[in-house]
Amino acid sequence: QVQLVESGGGLVQAGGSLRLSCAASVGIFSIKTMGWYRQAPGKQRELVAAISSGGSTNYADSVKGRVTISRDNAKNTVYLQMNSLKPEDTAVYYCYAERYYSSSGTKLFWGQGTQVTVSS
């Protein structure tokens, strides 16, 4: 099992910045992919950014140039640095981890979510 604890959400004005953190209960070197999804009221959950164990990153078009995902293996933590925030970035942000088990394949784990609210 992998437990994920998110932090760093909050209320910020448009144009501001936030850094989200996601701390894993296991060494993240053993996790295939980690990343962030978000879900706004009335909308489907969408991928924001992901980072592989090798460091490859992937971003949603809506956040490219404004968001950076990174990982600190020593701290078992993944970060999401968000700059130039817009009201449309308002959502609950969920950290996820994709871990491979030789006995049962890939499993997906989720954090509890952290609210990000951007005021105009």
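This predicted model shows a protein with 0 helices and 11 strands.

The overall dimensions may be considered next. Along the principal axes, the C-alpha trace of the protein spans about 50 × 30 × 25 Å. The radius of gyration is 14 Å, which agrees with the value near 14 Å that a compact globule of 120 residues would have.

The interior and the surface may then be taken together. Of the 120 residues in the protein, 45% are buried. Among contacts with a separation of 6 or more, 55% are accounted for by residues 24 or more positions apart in the chain. The protein exposes about 6,200 Å², and carbon and sulfur atoms supply 47% of that area. As for charge, the protein carries 12 positive and 7 negative side chains. The centres of these two sets lie 4 Å apart.

A single residue can now be examined within this picture. Ser 21 belongs to strand 3, which comprises residues 18–24. Is Ser 21 buried or exposed? Its relative accessibility is 14%, and because buried means under 20% relative accessible area, Ser 21 counts as buried. What is Ser 21 in contact with, once its neighbours within four places in sequence are left aside? Its partners are Val 5, Glu 6 and Ser 7, together with Trp 36, and also Thr 77, Val 78 and Tyr 79.

Methods. Residues numbered from 1 in each chain as written. Predicted model: local features only at pLDDT ≥ 70, side-chain atom pairs only at ≥ 80, totals over all residues. Heavy atoms only, no water. Helix = DSSP H or I, 4+ residues; strand = E, 2+ residues; numbered from the N terminus. Rg over C-alpha atoms; globule rule 2.2 N^0.38 Å. Buried < 20%, exposed > 50% of the residue type's maximum accessible area, 1.4 Å probe, protein only. Contact = heavy atoms within 4.5 Å. Areas by Shrake-Rupley, 256 points an atom, 1.4 Å probe, with all protein chains shown as cover. Lys, Arg positive; Asp, Glu negative; His and termini not counted. Charge placed at Lys NZ, Arg CZ, Asp CG, Glu CD.
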